[in-house]
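Please keep the sequence and the structure in view while reading.

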Amino acid sequence: MTNNDIFKKLRVALKLRDDEIVKILELVDFRISKSELGAFFRKEDHPNYMECGDQILRNFLNGLVIHLRGPMPKKKTKAPITKKPKKNK
């Protein structure tokens, strides 16, 4: 199974349109046009077919997590723990 197959199956299963996929990729600062995206969903024998690389699929999956779950909450920084001086008896 190729990255293109995985991408196509996720697109169909999640009922995503091209503009939604572009927005999902923008969530992880990855820019792609609709026409570039359309090349991944063509048949392999089509002249404009383009192979989906690992980086594009990885960025889509990372963006999909943010799209479905929302962004990760920022971690609160804790104040450094200071040791109290020991009392002499």
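## Salt bridges

A salt bridge is defined here as a side-chain nitrogen of Lys or Arg within 4 Å of a carboxyl oxygen of Asp or Glu. The model is a predicted one, in which local features need pLDDT of at least 70 and side-chain atom pairs count only at pLDDT 80 or more, while totals for chains, interfaces and linings use all residues. Residues are numbered from 1 along each chain as its sequence is written, and side-chain values use heavy atoms, with hydrogens and water left out.

The structure contains three salt bridges. One of them joins Asp-18 to Arg-11, with the closest N and O atoms 3.1 Å apart. Asp-18 has its place in helix H2, where helices (H or I, at least four residues) and strands (E, at least two) are DSSP runs numbered from the N terminus.

Arg-17 takes part in a salt bridge with Asp-19 (3.3 Å, N to O) and in another with Glu-20 (3.8 Å, N to O), so that, taken together, Arg-17, Asp-19 and Glu-20 are linked in a network of salt bridges. Asp-19 counts as partly exposed because its relative accessibility is 25%, and Glu-20 is likewise placed in the partly exposed class because of a relative accessibility of 25%.

Asn-3 lies in helix H1, which spans residues 3–13, and counts as buried because its relative accessibility is 17%. The side chain of Asn-3 is joined to the side chain of Asp-54 by a polar contact of 2.8 Å; such a contact is a pair of N or O atoms within 3.5 Å, where, within protein, one atom must be able to donate a hydrogen and the other to accept it, and residues adjacent in sequence count only if both atoms are side-chain atoms.

Asn-4 also lies in helix H1, and, with a relative accessibility of 2%, it counts as buried because that value falls in the buried class. The side chain of Asn-4 reaches the backbone oxygen of Phe-40 at 3.0 Å.

## A negative patch on the surface

Glu-44, Asp-45, Glu-51 and Asp-54 gather on the surface in a patch of negative charge. Patches are made of residues with over 30% relative accessible area and no salt bridge, with like charges joined within 9 Å and nonpolar side chains (Val, Leu, Ile, Met, Phe, Trp, Tyr) within 5 Å. Lys and Arg count as positive and Asp and Glu as negative, whereas His and the chain ends are not counted; the place of a charge is taken as NZ of Lys, CZ of Arg, CG of Asp or CD of Glu. The accessible areas come from the Shrake-Rupley method with a 1.4 Å probe, and for residues only the protein chains shown count as cover.

Glu-51, a member of this patch, is placed in the loop between helix H3 (34–40) and helix H4 (54–69), and it counts as exposed because its relative accessibility is 64%. Met-50 lies in the loop between H3 and H4 and is partly exposed, because its relative accessible area is 36%.

## Positive phi values in two loops

Most residues other than glycine have a negative phi. Lys-15, however, has a positive phi near 55° although it is a residue other than glycine. Lys-15 is placed in the loop between H1 and helix H2 (18–26), and counts as exposed because its relative accessibility is 72%.

Asp-29 is not a glycine, yet it has a positive phi of about 60°. Asp-29 is found in the loop between H2 and H3, and it is exposed because its relative accessible area is 65%.

## Distances along the chain and in space

Met-50 and Arg-31 are 19 residues apart in sequence and 16 Å apart in space, C-alpha to C-alpha. For Asp-18 and Pro-73, 55 residues apart along the chain, the C-alpha atoms are separated by 28 Å.

Notes. Buried means under 20% relative accessible area, exposed over 50%, partly exposed in between (1.4 Å probe, protein chains only).
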